[in-house]
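The text below walks through one protein chain, from its overall make-up to single residues. Please look at the sequence and the structure before reading on.

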Amino acid sequence: DKAADLDPADAVNIRVHNGMDADIDRLWLGRGIDPASAEDPAFHTRYDGIAQGADSRYLTVKPDLANYDSLNLTIDGQSFTAVRFDLQLGLEPLPVGGYYTIVLDQEGDQAVVTGITTDPAPG
């Protein structure tokens, strides 16, 4: 896993729930950037494998979330097209210090974000 080097109290803490029909090999939370590109890796957060039906661990994400808008994932060595979504609650960005789960599911052969839940702080 690769995330911003931030204290959880100074970040937005995000995990991903894999509701798809397969294990995810890798997943990137990005800002409209292809993770295979040569652009600065600070523009995306990489999650390692997430088993089918499981949650990733929380990773810290910089709080400028208006720019985070996509998930790119790899399953069985095959890359899926970016999944676009709005990482905000209403019109406001997710509050700093909070914990959230992006719920990823599948419709046919497409990956879709079906929601973002607010979670209690682990402890």
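What follows covers confidence, strands, sheet, core and a few residues in turn.

This is a predicted model, in which local features need pLDDT of at least 70 and side-chain atom pairs count only at pLDDT 80 or more, while totals for chains, interfaces and linings use all residues. Residues are numbered from 1 along each chain as its sequence is written, and side-chain values use heavy atoms, with hydrogens and water left out.

The predictor's confidence in each residue is given as pLDDT, from 0 to 100. The average over the chain is 79, and 75% of the residues score at least 70. Among the elements of the chain, S1 has the highest mean pLDDT (93), and strand S7 (residues 88-89) has the lowest (56). Over residues 38-42 the pLDDT stays under 50, and the model has three contacts beyond four places in sequence for this stretch; a contact means heavy atoms within 4.5 Å. Where pLDDT is low, the predicted coordinates should not be read in detail.

The chain has zero helices and 10 strands. Helices (H or I, at least four residues) and strands (E, at least two) are DSSP runs, numbered from the N terminus. Read along the sequence, the pattern is β-β-β-β-β-β-β-β-β-β. Of the contacts in the chain with a separation of 6 or more, 65% are between residues 24 or more positions apart.

How are the strands arranged? Four of them form an open sheet in the order S4-S1-S9-S10, with mixed pairing. Two strands pair if DSSP finds at least two bridges between them. The edge strands of this sheet are S4 and strand S10 (110-119), each of which pairs on one side only. On average, neighbouring strands of the sheet are turned by 35 degrees against each other, direction ignored; the axes behind this value are lines fitted to C-alpha atoms, for helices over the stretch in contact, and angles run from 0 to 180 degrees between N-to-C directions. Within the sheet, S1 and S9 pair in the parallel sense over six bridges. Ile14 has Tyr100 in S9 as its bridge partner.

Another pairing joins S2 to S5: these strands run antiparallel and share five bridges. Leu29 stands opposite Leu71 in S5. Six of the six residues of S5 are buried, so this strand is largely enclosed by the rest of the structure. Here buried means under 20% relative accessible area, exposed over 50%, and partly exposed in between (1.4 Å probe, protein chains only). Ser70, Asn72 and Thr74 point one way from S5, and Leu71, Leu73 and Ile75 point the other way. Thr74 has a relative accessible area of 13%. Not counting residues up to four places away in sequence, Thr74 touches Ile24, Asp25, Arg26, Trp28 and Ser79.

In the chain of 123 residues, buried residues make up 38%. The largest nonpolar core has 23 residues, and Leu29, Leu73 and Leu104 have the most contacts inside it. Strands S1 (12-18), S2 (26-30), S4 (59-61), S5 (70-75), S6 (78-84) and S9 (99-107) each supply at least two residues of this core. Such a core is a set of buried Ala, Val, Leu, Ile, Met, Phe, Trp, Tyr and Cys residues joined through side-chain atoms within 4.5 Å. Beyond four places in sequence, Leu104 touches several residues, among them Val16, Leu27, Leu71, Leu73 and Val113.

How many aromatic pairs does a search of the whole structure find? There is one. Tyr58 and Tyr99 form this edge-to-face pair, at 5.0 Å centre to centre and 85 degrees between the planes. Tyr58 lies in the loop between S3 and S4 and Tyr99 in strand S9, so the pair ties together parts that are 41 residues apart in sequence. Rings of Phe, Tyr and Trp (its six-membered ring) pair if their centres lie within 6.5 Å; planes under 30 degrees apart count as stacked, over 60 as edge-to-face and the rest as tilted. Both Tyr58 and Tyr99 are buried, and the relative accessible area of Tyr58 is 19%. Leaving aside neighbours within four places in sequence, the contacts of Tyr58 include Asn13, Ile14, Arg15 and Asp119.

Ala51 is found in the loop between strand S3 (44-47) and S4. Leaving aside neighbours within four places in sequence, Ala51 is in contact with Asn18 and Asp23. Ala51 and Met20 are 31 residues apart in sequence and 9.2 Å apart in space, C-alpha to C-alpha.
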